[in-house]
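Please look over the structure shown here.

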Amino acid sequence: MINRSLFRTAARNLAALLLLTFALVGCFGGGTTEPTRYYTLAVENISKPKASAKFAQKTVAIKKFTIDPAYQRTGIVYRESPYDFMFYELDLWASRPEHMITQVVAEYAEKSGLFKSVIAAGGTMPEYELSGNIGALEEVDNGGGQSAHLLLGISFTDVSQGTTLWEGKCDKSKSTDSREPRVTAEALSKLLGECLEESLKGISSIE
């Protein structure tokens with residue numbers, strides 16, 4: 001004979017278990033998931049350095065920039081202290097930072113008008129080569145506010161002589177009014193533009 005009391009108790013327990021399961025699914029993945037967002041770097045205002053007869057008819061190759069291994073991924077870095085090093089999970093660079101910056105440098109050099117032509121390294125033998133290293137590309141949250149931080153080293157080499165004609169280090173920060181990654185990407189783009197403007201100005205003054 002079926003014990004109806006035990007049957008009802010079991011049924012109530014099963015119903016409660018199903019409700020709990022549905023609730024957990026809703027909280028941990030059953031609902032609408034937040035989309036991944038992608039960002040890139042872009043320099044809109046390109047300053048033209050003083051024209052130099054030394055480079056007017058010369059070709060420069062842009063060598064792929066190297067990057068500190070800690071930043072060698074698409075996750076946007078943010079730091080809350082000198083000891084923290086974290087990545088946004090849903091806010092990513094559209095491509096690896098070293099690829100983005102190399103492309104921006106090439107576009108900037110071409111539009112600057114300083115050289116006859118700008119090419120990628122590894123192709124036709126150029127007269128000069130521009131290379132660099134990215135030491136930091138990050139958002140910094142210091143408790144009292146946020147800022148974007150860029151550390152960039154750039155070298156300019158005479159290919160035939162194998163000598164470095166100019167090199168510089170650009171370490172810049174820019175305050176931002178929010179932790180929105182889009183704001184950080186915009187601030188880093190402006191810092192990159194400032195670094196490239198200063199670098200090409202220095203290169204154009206080579207005698």
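R37 is partly exposed, with a relative accessible area of 28%. Partly exposed means between the two other classes: buried is under 20% relative accessible area and exposed is over 50% (1.4 Å probe, protein chains only). R37 forms a salt bridge with E34. A salt bridge here is a side-chain nitrogen of Lys or Arg within 4 Å of a carboxyl oxygen of Asp or Glu.

This is a predicted model, residues are numbered from 1 along each chain as its sequence is written, and local features need pLDDT of at least 70 while side-chain atom pairs count only at pLDDT 80 or more. Totals for chains, interfaces and linings use all residues, and side-chain values use heavy atoms, with hydrogens and water left out.

**Salt bridges**

Side chains of opposite charge can pair when their charged atoms come close. How many salt bridges does a search of the whole structure find? The search finds 11.

| Pair | N to O distance |
|---|---|
| R37 and E34 | 3.2 Å |
| R79 and E138 | 3.6 Å |
| R96 and E98 | 2.9 Å |

The side chains of R79 and E138 meet in a salt bridge. This pair links distant parts of the chain, 59 residues apart. R79 sits in strand β4 (residues 75–79), and E138 in strand β7. Strands are DSSP runs (E, at least two residues), numbered from the N terminus. R79 is buried at 18% relative accessibility. E138 is buried too, at 5%.

R96 pairs with E98. R96 is partly exposed, at 31%. E98, in contrast, is buried at 2%.

E80, E139, D141 and R179 are linked in a network of salt bridges.

**Two buried sites**

T176 lies in strand β9, which covers residues 163–176. Its relative accessible area is 13%, so T176 counts as buried. A polar atom of the T176 side chain lies 3.3 Å from the backbone oxygen of S178. Beyond its neighbours within four places in sequence, T176 is in contact (heavy atoms within 4.5 Å) with Q146, S147, A148, V183 and A187.

P126 is in the loop between β6 (117–120) and β7 (128–141). Is P126 buried or exposed? P126 is buried, with a relative accessible area of 11%. T59 is 67 residues away along the chain, yet the C-alpha atoms of P126 and T59 are separated by 5.2 Å. Leaving aside neighbours within four places in sequence, P126 is in contact with T59, V60, A61, I119 and V159.

How values were computed
Helix = DSSP H or I, 4+ residues; strand = E, 2+ residues; numbered from the N terminus. Polar contact = N/O pair within 3.5 Å; in protein donor to acceptor, adjacent residues only side chain to side chain.
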